[in-house]
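Trainee: I'd like to go through this one with you. Please keep the answers plain.

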Amino acid sequence: MIKVNVSRAPKARIAKSYQEDVSRIHNYIHNKTGEGNDFLGWVNYPQELMDYEFKKIKTIANKVIKDCDTLVVIGIGGSYLGPKAAIEAINGLFYESKVKIIYLGNTLSPTYTAQVLKYLENKKFAINVISKSGSTLESSIAFRLVKELAMKIWGPKRYAKYVIVTTDAKKGSLRKMVDAEGYDSFIIPGDIGGRYSVFTPVGLFPMAVAGLDIEEFINGAKDGIVNYSNENILENEAYKYAVARNLLYKANKKVEFFITYEPHFVSLAEWWKQLFGESEGKNGGGILPASLNFTTDLHSMGQFCQDGSDLFFETSLVFGSYQEDVIIPKTLVNIDNLNYLGNKPLSYANDVAIEATIDAHFQNGNRNNIVLEMPKMTTRSLGELFYFLMMSCACSAYLLKINPFNQPGVEIYKSKMKEILKK
Ligand code: PA5
């Protein structure tokens, strides 16, 4: 269970007066009575996944693992950030595996695209193209380019065995291509939006190829359903986090720094930014979600956090234990004067850094710091964390009277760009 500690966020002490609003929102989410109610499929989806669906994901993933050395995941926004965050959080950034996962279709950068295509020239790669609409420009262009290359490498007929499409059940160009070319495919349910889709094959298929235990991940999401479905504000940590954010927003803290303490959680923070930014940033309102990775960023942004403009609060994600650790050696020669840390684990230094930073920002800098406490990072607890954050986000947006599930602003740029390009 994740715990929301607001002891160092004095402006975010949970007020019981929020219960009425939270009860109304609870009803929106669980009985589908609020705005955006046709996008609440994620709430119970983990419980609805059937054994045959896991089996299909694993069978196709195993084919990729057996025949390929690379999987190109093509997608943007909610169609790639979830699996990337999960794979890095569990495997780290330097993991050995038969299949390397790379990402394309998340940019229009000609240089990056050209470099990825060059990298793929001598690889036996499979493609997982992910797009709910099937018409997002970035991913459509990338798919066309990579498909050409795949045809050259695998042959014009055989390449289709190594294309896996994740898209809507019926709508969009990608579904039409599945029907025309016979690609393997997975369904993104119509009632689940991109940023809430990590428990669907959007997340599960790349995770399975990366060797993650997808059943354990979904078990974690199910833990989330059990742990964060209580209407009572004092017994639901996901609602607590939403209320704490709302209190700070009202106290004029319009920016939130989501702070992680390990480099392999940077993509998790990117996913968190999309979740909250795209869900809440509407009608001239919402908290601006930003992220920092400490201790790295303490040496760049630490100054601002301690001493800069008073417009933000911090949310630190901390764990009771580490996935891996190293011992700092004690040496005979002590010119670097580090022997006071000799034979101590590096986790000791990181733990002290976390406490010292939160205290310095709180006591000396007068910052509010919400701490999200997780016992440990495992595949299962990661599933729970994703669920916790999605539930908090939905509640948080509804507290601002915002529909958490649409993204009208993103659609405007997409259609303007297409209009100009088609001229
Ligand atoms: O969260 C969202 O809905 C968006 O970020 C989409 O995932 C993103 O725009 C990509 O859309 P699509 O999956 O239709 O290609």
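Trainee: Which residue stands opposite Ile-127 in E4?

Mentor: Val-72 does. This is a predicted model, where local features need pLDDT of at least 70 and side-chain atom pairs count only at pLDDT 80 or more, while totals for chains, interfaces and linings use all residues. Residues are numbered from 1 along each chain as its sequence is written, and side-chain values use heavy atoms, with hydrogens and water left out.

Trainee: And what is the bridge partner of Ile-127 in E5?

Mentor: In E5 the partner is Val-163. Helices (H or I, at least four residues) and strands (E, at least two) are DSSP runs numbered from the N terminus.

Trainee: In what sense do E2 and E4 pair, and over how many bridges?

Mentor: Strand E2, residues 70-74, pairs with E4 in the parallel sense over five bridges. E4 also pairs in the parallel sense with strand E5, residues 163-167, over four bridges. Two strands count as paired if DSSP finds at least two bridges between them.

Trainee: How many residues of strand E4 are buried?

Mentor: Six of the six, residues 125-130, so the strand is largely enclosed by the rest of the structure. Buried means under 20% relative accessible area, exposed means over 50%, and partly exposed is in between, with a 1.4 Å probe and protein chains only.

Trainee: Which residues point which way from E4?

Mentor: Phe-125, Ile-127 and Val-129 point one way, and Ala-126, Asn-128 and Ile-130 point the other way. In a regular strand the side chains alternate between the two faces of the sheet.

Trainee: Changing topic. Where is Glu-237?

Mentor: Glu-237 is in helix H10, residues 237-250. Its relative accessibility is 5%, so Glu-237 counts as buried.

Trainee: What does the side chain of Glu-237 reach at 2.7 Å?

Mentor: The backbone nitrogen of Val-4. That is a polar contact: a pair of N or O atoms within 3.5 Å, where within protein one must be able to donate a hydrogen and the other to accept it, and residues adjacent in sequence count only if both atoms are side-chain atoms.

Trainee: What else is Glu-237 in contact with?

Mentor: Leaving aside neighbours within four places in sequence, Glu-237 is in contact with Met-1, Ile-2, Lys-3, Val-4, Tyr-228 and Phe-388. Contact means heavy atoms within 4.5 Å.

Trainee: Which residue forms a salt bridge with Glu-237?

Mentor: Lys-3 does, and the closest N and O atoms are 3.9 Å apart. Because Glu-237 lies in helix H10 and Lys-3 in strand E1 (residues 3-8), the pair ties together parts that are 234 residues apart in sequence. Lys-3 is partly exposed, with a relative accessible area of 42%. A salt bridge here is a side-chain nitrogen of Lys or Arg within 4 Å of a carboxyl oxygen of Asp or Glu.

Trainee: How many salt bridges does that rule give?

Mentor: The count comes to 17. One of them joins Arg-245 and Glu-280, whose closest N and O atoms are 2.9 Å apart. Arg-245 lies in helix H10 and Glu-280 in helix H11, so this pair ties together parts 35 residues apart in sequence.

Trainee: Are those two buried or exposed?

Mentor: Arg-245 is buried, with a relative accessible area of 0%, and Glu-280 is buried at 0% too.

Trainee: What about Glu-270, which residue forms a salt bridge with it?

Mentor: Lys-273, with the closest N and O atoms 3.0 Å apart. Glu-270 counts as partly exposed at 33% relative accessibility, and so does Lys-273 at 24%. Elsewhere, salt bridges that share partners join Lys-3, Glu-237 and Lys-240 into one network.

Trainee: New topic, backbone angles. What is phi of Lys-32?

Mentor: About 55 degrees, a positive value, although Lys-32 is not a glycine. Lys-32 is in the loop between helix H1 (19-31) and helix H2 (45-48). Asn-283 also has a positive phi, near 50 degrees, and sits in the loop between helix H11 (266-280) and E8. Most residues other than glycine have a negative phi, and most peptide bonds are trans.

Trainee: Which peptide bond is cis?

Mentor: The one from Phe-294 to Thr-295, with omega near 5 degrees. Thr-295 is in the loop between strand E8 (288-293) and helix H12 (302-307).
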